[in-house]
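Please open the structure in the viewer and have the selection tool ready.

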Amino acid sequence: CLQGDDYSDDNPHQADILWFHNLTAGIFAQSTIIISPKTTFEAGLRLDLPKNYAAKLMPRIAFFHKFNENWGTRWGVGTGYKLPQPFAAQDIDNVPLSVKWSGLSPEKSIGANAEVNYKCEWDKKTSLFVNQSFFYTGIENPIRYQYDSANYLSLINASKSVTTMGADLYAKLALHTWEIYLGFTYTLAKQHYDTVQPYIPLSPISRFATVISKKIAKKIDACIEGSYVGMQYLPTGNTTPSYVLLAAMCRYKAGEHITVMLNAENLFNYNMWKTQPVFSGSITMPTFNAVWSPIDGRVINISCRWQW
């Protein structure tokens, strides 16, 4: 494969980034080995040749085993990289980005995951599926933003890594005309180069979600969706309160081609501005705070879909 970017500025007085070019050629190979009817092993290898950087060799492996009709397990590990570039997402507004982004080392990553699955079917309309997974990602040479003595932004390679680890639990229960979904995610994301605020901002440590749906009649479905978002760290190091969101939906199939849907979100009307202002300063010279929850209140809409 061949991929790249080609950017140039037609108005050199409007931005500090006048050009940005990169080009990468790559090749990928994968082998799937069926060890037994219940065991499968996969191995992949990718070689990238990015312009102006050393070659990148990225292996990955995956393994799946089915113990019986109900239980199975899967795990995998792989590596990756990301080239430096000045257009990465950022939370800083109205500040020009310095052109001092060249000479950086690519980010290097390693990721691993493991999961256990359980599936049971009592009949065609009654079943249970449970998935418990664990994950880890580590990034070396992470690229971050830094102010210089003139209060000007530039990109640098951080001296320490960024890591994300956690667990995710997902369950689905089908009971004839009912379906129930449950999910819980625990994520611990840390930027180890920051000794003052080591936690990655705006990343909830705990998150829970559930969906309950019911087929009320042949042409009517309804569901309720709820979620709990746990505490988050702000860029300042302060923490946010946890909060709960609730949504509901009703769908009516009026005919073979027409479907009408009524949807309502954030029924509890939870808003960030009830706890913290969205901005500080004057309306003409605002300083915006990080957004960590809904800011638009309840949202109710109705739609009609015609399938022809």
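Begin by selecting Thr-187, Ala-189, Tyr-199, Ile-200, Ser-203, Ile-205 and Tyr-233, which line the largest cavity. A cavity is a set of points, on a 1 Å grid over the protein atoms alone, where a 1.4 Å probe fits but cannot get out, and lining residues have an atom within 4 Å of a point. The volume of the largest cavity is about 40 Å³, where a volume is the space filled by probe spheres set on points joined across faces, edges and corners. The lining comprises five nonpolar residues, two polar and no charged; here Ala, Val, Leu, Ile, Met, Phe, Trp, Tyr, Cys and Pro count as nonpolar, Asp, Glu, Lys and Arg as charged, and the others, Gly among them, as polar.

The model is predicted: local features need pLDDT of at least 70 and side-chain atom pairs pLDDT 80 or more, while totals for chains, interfaces and linings use all residues. Residues are numbered from 1 along each chain as its sequence is written, and side-chain values use heavy atoms, with hydrogens and water left out.

Next, select Thr-126, which lies in strand S7 (residues 126-140); strands are DSSP runs of E, at least two residues long, numbered from the N terminus. Thr-126 counts as buried because its relative accessibility is 9%, the limit being under 20% relative accessible area with a 1.4 Å probe, protein chains only.

Terms used. Helix = DSSP H or I, 4+ residues; strand = E, 2+ residues; numbered from the N terminus. Buried < 20%, exposed > 50% of the residue type's maximum accessible area, 1.4 Å probe, protein only. 1 Å grid on protein atoms, 1.4 Å probe; cavity = no way out; pocket = protein on both sides within 12 Å on 5 of 7 lines; lining within 4 Å.
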